[in-house]
Amino acid sequence: QVQLVESGGGLVQPGGSLRLSCAASGFIIRLNAMAWYRQAPGKQRESVAAITNSGTNYAESVKGRFTISRDNAKKTVYLQMNSLKPEDTAVYYCNIEGVYNSGSLYRSFASWGQGTQVTVSS
């Protein structure tokens, strides 16, 4: 059983910055991948950024503006968002995949955060 809690969303003017955080709780043994998705009203959920031990990957629309990072000791993933645009307005969700300890067994998991609203408007 792994739960994710997101924070850091809010209202910001175009050109401003926000940092989102997503903290995992539970008996986590291994973190394989951590990622951020977003969904705007009337649109499909899309991948924004992902990070593994091998590197990072970004959607073309956010390259050069967003940075994903993680703190393995804290079991937390971050999304630093700079030069925000109105089209970045959406609910942002984190997703973490890995392995946790369930009694004597190691089990895989893929958990979603509850979502945090980011609104970019003047």
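**Reading the strand pairing**

Author: This is a predicted model.

Reader: What holds the strands of a sheet together in general, and in which order do the four strands of the open sheet lie here?

Author: Strands of a sheet pair through backbone hydrogen bonds, in a parallel or an antiparallel sense. Here the order is β1-β3-β8-β7, the sheet is open, and the pairing is antiparallel. β1 (3-7) and β7 (66-71) are at the edges; each has a single partner strand, so one side of each lacks a neighbour in the sheet. From one strand to the next, the twist averages 15°.

Reader: Which strands does β4 pair with?

Author: Strand β4 (residues 28-39) is joined to strand β9 (residues 90-102) by 10 bridges, and the two run antiparallel. β4 also pairs with strand β5 (residues 46-52) in the antiparallel sense, over five bridges.

Reader: Which residues of β9 and β5 stand opposite Ala35 and Met34?

Author: Ala35 stands opposite Asn95 in β9, and Met34 stands opposite Ile51 in β5. As a general idea, side chains in a regular strand alternate between the two faces of the sheet.

Reader: How many residues lie between β4 and β5 in their hairpin, and which residue in the turn has a positive phi?

Author: Six residues lie between the two strands of this hairpin, β4 and β5. In the turn, Gly42 has a positive phi of about 80°.

Terms used. Residues are numbered from 1 along each chain as its sequence is written. This is a predicted model: local features need pLDDT of at least 70, side-chain atom pairs count only at pLDDT 80 or more; totals for chains, interfaces and linings use all residues. Side-chain values use heavy atoms; hydrogens and water are left out. Two strands pair if DSSP finds at least two bridges between them. Axes are lines fitted to C-alpha atoms, for helices over the stretch in contact, and angles run from 0 to 180 degrees between N-to-C directions.
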